[in-house]
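User: I have a chain to go through with you. Can we take it point by point?

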Amino acid sequence: MDRSGKPVYAQVEVYNPKTFDFRIIEGNKATSLPDGSYELVTSFGDAGDERATVGGHSVTVSGATKTTFDARQGRPVNVSLSPNPGNGYDHTVSAYVCTSDNGPANMGTSAPAGDLYVIPTSSKAYELSYGTTYQPQSATGGDFWLASATHTGGVPSGMSATLKQSGLTALKVSARSGPDSGQARFSFDYQATTSTDSCSMSTNSLQFQRELPNYFTAHLPPGQWEVGQQSHDFVFDGFHNYAAGKTASLTLGHAVWGPGGRLPNTWYHQLYFGSINPFADPTLPEGGTLATGTVTLTHAGKTLYSHAYAHSEGIDAHPRIPDAGWYTISEVGRRSLPSGSLSTTSSLTLHFYADPSKNDQIRDYITRFWPDALNTRNQAAPGSTTTVVLGMQRNGTDDSTVSQLSDSVKSVHAWYTTDNGATWHATTAKPSGGNWTIAVHNPSSGRVGLRSTVTDTHGDSSTTTVYNAYAMS
C-alpha cells in the first residue's frame, strides 16, 4: 500500500535461501509457493506523485499466508553531498534493499530528494545501499556527481547521511565526434569486488545523454567501473579500478576506429578467428555493433571459409584447418552512418603460419592508428602535417592452454590516401618509443585514409586499412 493507504501495483522479489528458489511475483495478487521461509524485497511508488518506498522482510509460507508492505511505515531517506555542488543541479536520492546473504533478491529505486522512503527492519538478513546523484540541469555543460554507502545488519528507521566529495574518484571525459555523432548516451556501471559491497552495484549506476563532442567530469565512488557510449554505434570496455581522491582522463571517440581485438589461435585442428572488431574505439575497444562485412579464410589457393556478417553479429568462427602451412584471413567491415562521419570502412588481412596440431596463437600484429593533435571533431588543420602513431597490437587470448608465441617486428610500411583510396601515398615509418610513427601531409580539405603493412621476423604479415580516418577542419 502507498503512503495514503491505497493498494498499488508492485513487483516483489522472493527468495528461499535453503532451496535457492527465486522468483518475481506481483503484489495484491495470490501466488502459489512451496512451503518454506522466504526473503522478500520490493520497491513501489505512490499513485499520482513521485514519492517512492523500498522495503524488505521475511515470511514463512505455510498454507494461506498474507504479508503487507505498507508505505505508511516508511521513513525518509535523505542523502546529500558535502560540499554541495551548488545550484543548477537536479538532486535525486536512491535506496536499494538487498539480502545480506548475497542472494538474488535486490530491489530499489531513485526519487527526487525528499520523496524517497524506506520501511525499517531489524532483521540482519537485509541491508540498505543508499546514494545521491547531482545531475546538471543544463543539457550541454556541467559535471556529474554520484556518492553512495551501505548500511549492514538490517534496514534502519530512515536514513540521513552526508557523504564527502573527498571520498570520490574523478573521471574527466573528453567525448569527441567524427567516428560517432549526435546525442550520445553515456553509462557508468559499477562492479562489486567483495561480498560486502554487492548491494552497492545497484545504487552505483550513472546514465545520461550529451551532444557530441562534449567534455565533462563524472565524480564517482572509488572501485571498478565500466564506461560505455552509445549513439549511432555502441562502444564500451571492461572494468577498470579508480581510486578515491584521484583523477583519471578518458578520451572517447578519438580517431581512429579500426580493427582491434585479439589475434586468432589454433585449437585441436580448428582455427579460432579471435575477437577482432573492425571498428574498435582506441579507449573503449569493445562494441562497434554497426559493422557489417565479409570475412574469408584461404589456404593453398582454396577458400576454406567465407561469411557475410550482419549488425551486432560476432565473427569468431572456428573452421577446421587441414595441415600446417600458410593461411590468410581477409576481413572487410563497413558502417552506415550520417554523411561526414569518420571510420566508415576498414579492412584487415592476416597472412600467417599455423600448425593445427598445436594450440597456439598466431604470430602477427594489428595496427592501431593514433593521429596526434586533432581537435574535438577529429580534424587537423588544412595543409598541416599530422604525426600518426602506429600501435602494434598483439593481445593474448587469456587462455592458459593457448601459447602466445614470441614475435618481433621486422618491417613496417605505411601509406595514406586523400581521395578515398584512388591514390595511396607512401610515407616512411620510423621506430619511436616502442611504437612506430608516420608523417601525413594533409590536404587543404577532405579526409585522410590510412594503411599499414607489418611484417614480423618469421614472415607473417598483416595489412590494416581505415578509410575516412580523420578530416580537415
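User: Are Cys-98 and Cys-199 buried or exposed?
Analyst: Cys-98 and Cys-199 are both buried, where buried means under 20% relative accessible area and exposed over 50%, with partly exposed in between (1.4 Å probe, protein chains only). This is a predicted model, in which local features need pLDDT of at least 70, side-chain atom pairs count only at pLDDT 80 or more, and totals for chains, interfaces and linings use all residues. Residues are numbered from 1 along each chain as its sequence is written, and side-chain values use heavy atoms, with hydrogens and water left out.

User: What joins Cys-98 to Cys-199?
Analyst: A disulfide, with an S to S distance of 2.0 Å; the criterion is a pair of cysteine sulfur atoms within 2.5 Å. The torsion about the S-S bond of Cys-98 and Cys-199 is about 75°, so the disulfide is right-handed.

User: Where in the chain are the two ends?
Analyst: Cys-98 is in strand β6 (residues 89–99), and Cys-199 is in the loop between β13 (183–191) and α1 (200–203). They are 101 residues apart, so this pair links distant parts of the chain. Helices (H or I, at least four residues) and strands (E, at least two) are DSSP runs, numbered from the N terminus.

User: How many disulfides in the whole structure?
Analyst: The search finds 1.

User: Switching to the fold. How many helices and strands?
Analyst: The protein chain has 1 helix and 39 strands. Its C-alpha trace spans about 75 × 55 × 35 Å along the principal axes.

User: And what share of the residues is buried?
Analyst: Of the 473 residues in the protein chain, 49% are buried.

User: Pockets next. What is the volume of the largest pocket?
Analyst: About 690 Å³. On a 1 Å grid over the protein atoms alone, a pocket is an open set of points where a 1.4 Å probe fits, with protein on both sides within 12 Å along at least five of seven lines; lining residues have an atom within 4 Å of a point. Grid points are joined across faces, edges and corners, and the volume is the space filled by probe spheres set on the points.

User: Which strands contribute to its lining?
Analyst: β1 (11–16), β2 (21–26), β3 (36–45) and β4 (52–61) each supply at least two residues to the lining of the largest pocket. The largest share, 4 residues, comes from β3.

User: And the second largest pocket, what volume?
Analyst: About 550 Å³. Of the 30 residues lining the second largest pocket, the closest to its centre are Ser-275, Ile-276, Asn-277, Glu-286 and Gly-287.
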